[in-house]
Amino acid sequence: MANRVLIVGWDGADWEILDPLLAAGELPNLAALIERGRKGVSRSCVPSHSWAAWPTFLTGCDPAGHGVFDILEYRPGATRRLPVSSRSILAPTWPSQLTDAGRTSLIVNVPLTYPAPEIKGVAIAGGVIPQGAPYSHPPEAGPDLGWPINGGSWTTFRGRPLELVADVEDVTRRRAEAMRRLMDEQPWDAACMVFVSPDRIQHCLLEYVHPGHPDYATASQTPVAHRVIDVYRLLDRELGTLIERTDADDLVLLMSDHGHQPVTRALNMNRVLESMGALRMGRGSALVSLLAWGRIRSLARVAYDRLGLHGKVKVPTTPIDWAHTTAYTSVTSTGEGVSIALDGREPQGTVPAEDYERVRTEVADALLGFVDPATGRHPIARVMRKEDVLHGKYLDRAPDLLLQPAPLYSLTHARQIVEPADWLSGDHRPEGVYVAAGPGIAAGAGEEISLADFAGWIKSALGVEVAAGADAPEQQAVGVFSDDEEREVEERLRGLGYLD
Ligand SMILES: [Zn+2]
């Protein structure tokens, strides 16, 4: 058993990026941790985007077990999908179970922990947070630490890699400093902090650090590459400062919620469905697509940010003509999920229950058969039925089909059906990372584990036993955000590339 557990999350970290940096001696603290511990792949859940994956880390359940599949969800009585929050997580989390067992945690910056959970210890919410809202538990903890909320909005820095790097470094430094103070000043049994910086830079600067990216040979030789690597050097230094605060009796875990693969081509899944005749766009979509991406959008965004319009002006989104739609993209953030517009389930669904299987099979076959005319390749590598990959009591809410992109493809971020990736150069893949060191951990290569394994690992390391089948308290997801906050949150999700 360990005395305490330190978990450091590097959102989106991938061995294909880290291994060359390790070999070049750029990450001495990570190398030292690997030297005394075990290193392996941590496989993400499906869908793999951070809003579904971090709840899997927190609960040990796959998304059908915790109920979060996307950044938006349908709620009773709502006609459109609304942003998810920590109250959308419908399974017990390990920090709440540690609290029940009388143990103290520091839960810092884990995505989708707004509103901050009322644990024994300190929680600072991660993910997207409305300006001015209390974001920590206790409420004064975050402000006392000078904690910076939000940031790392990579689509906002389109074409300005050095400015994005500077923004990400600034936020990383300030957050690490706050975490050091927390670890020094507060008691803790488990300390968990997530750095989202790798994900933010890997979405648009992956060609500088991933040898598998076709542009790597040239990009890696530029001065920008050195600045991008600086982010990993900084993360490694901060990892060192947190590990310094542990001793030989503590379990240390470094992990990611998913990996990243190079991207050169991007899809717009609703447009793909439209090309197959499964979906029709509504009126007004021309204006929306003009605004959706590119120069006009980025100018509009700069004005939007400077004028402080977050939550005050709603940027138009692509409307769907539901009367002529049988399938739509239900994981809007990463395009990893497609659902059937089922009568009686989707508010405006028209597909009768008896046609569900037929329509789903037709859509799945068409998605697998979809060809990128420019390359002749199939952008969608796998299409899985939800019941074949997900298990849990919220399976009925899951996307009906789960998709995995082929190498070099992203299933989102495009304006047209399929187009060259522009600012985008990386997107998620299931192969995340972990390193474990501490009492009872043998050194060497580790077996592949699942992202869902961490919750049990942390609890058993601390000797906390939870009765099987223990349920989460009933949570009410409605009413977390005001209407203005909802709009603001959606806008910030756009900045993170999660919404068109
Ligand atoms: Zn991401």
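These legends accompany close-up views of a predicted model.

**View 1. A four-stranded open sheet.** The strands run in the order β11-β12-β14-β13. Their pairing is antiparallel. β11 and β13 form the edges, and each of these pairs on one side only. From one strand to the next, the twist averages 25 degrees.

**View 2. Strand β12 and its pairing with β11 and β14.** Three bridges join β11 and β12 in the antiparallel sense. Ala327 has Ile340 of β12 as its bridge partner. β12 also pairs with β14, again in the antiparallel sense, over two bridges. Here Val338 is bridged to Leu401 of β14. Gly337 stands opposite Leu402 in β14.

**View 3. The two faces of β12.** Both faces of this strand are covered. Gly337 and Ser339 are buried on one side. Val338 and Ile340 are buried on the other.

**View 4. Helix α14 and its span.** α14 covers residues 356-369, 14 residues in total. From first C-alpha to last, α14 reaches 20 Å. That is close to the 20 Å expected at 1.5 Å a residue. Arg360, Val363 and Leu367 are the buried residues of α14. They lie on the same side of the helix, because their arc around the axis is only 65 degrees. Residues three or four places apart in an α-helix point the same way, because there are 3.6 residues a turn. On the other side of α14, the exposed residues are Glu357, Arg358, Thr361, Asp365 and Gly369.

**View 5. Helix α14 packed against strands.** The buried residues of α14 pack against β11 (327-329), β12 (337-340), β13 (380-385) and β14 (401-405). These strands make up the open sheet of View 1, in the order β11-β12-β14-β13. The residues of α14 that are buried are Arg360, Val363 and Leu367.

**View 6. Helices α7 and α10 packed together.** α7 spans residues 161-185 and α10 spans residues 223-243. Their axes are 10 Å apart and meet at an angle of about 5 degrees. α7 is therefore roughly parallel to α10. On α7, the contact residues include Pro161, Leu162, Val165, Val168 and Glu169, and also Met179, Arg180 and Met183. On α10, they include Val224, Arg227, Val228, Asp230 and Val231, and also Glu238, Thr241 and Leu242.

Methods:
Residues numbered from 1 in each chain as written. Predicted model: local features only at pLDDT ≥ 70, side-chain atom pairs only at ≥ 80, totals over all residues. Expected span 1.5 Å × (residues − 1). Buried ≥ 20, exposed ≤ 12 C-beta atoms within 10 Å, placed from the backbone. Arc of directions from axis to C-beta. Contact = placed C-beta atoms within 7 Å. Pairing = 2+ DSSP bridges. Axes fitted to C-alpha atoms, helices over the stretch in contact; angles between N-to-C directions. Parallel < 35°, antiparallel > 145°, perpendicular 65-115°, else oblique.
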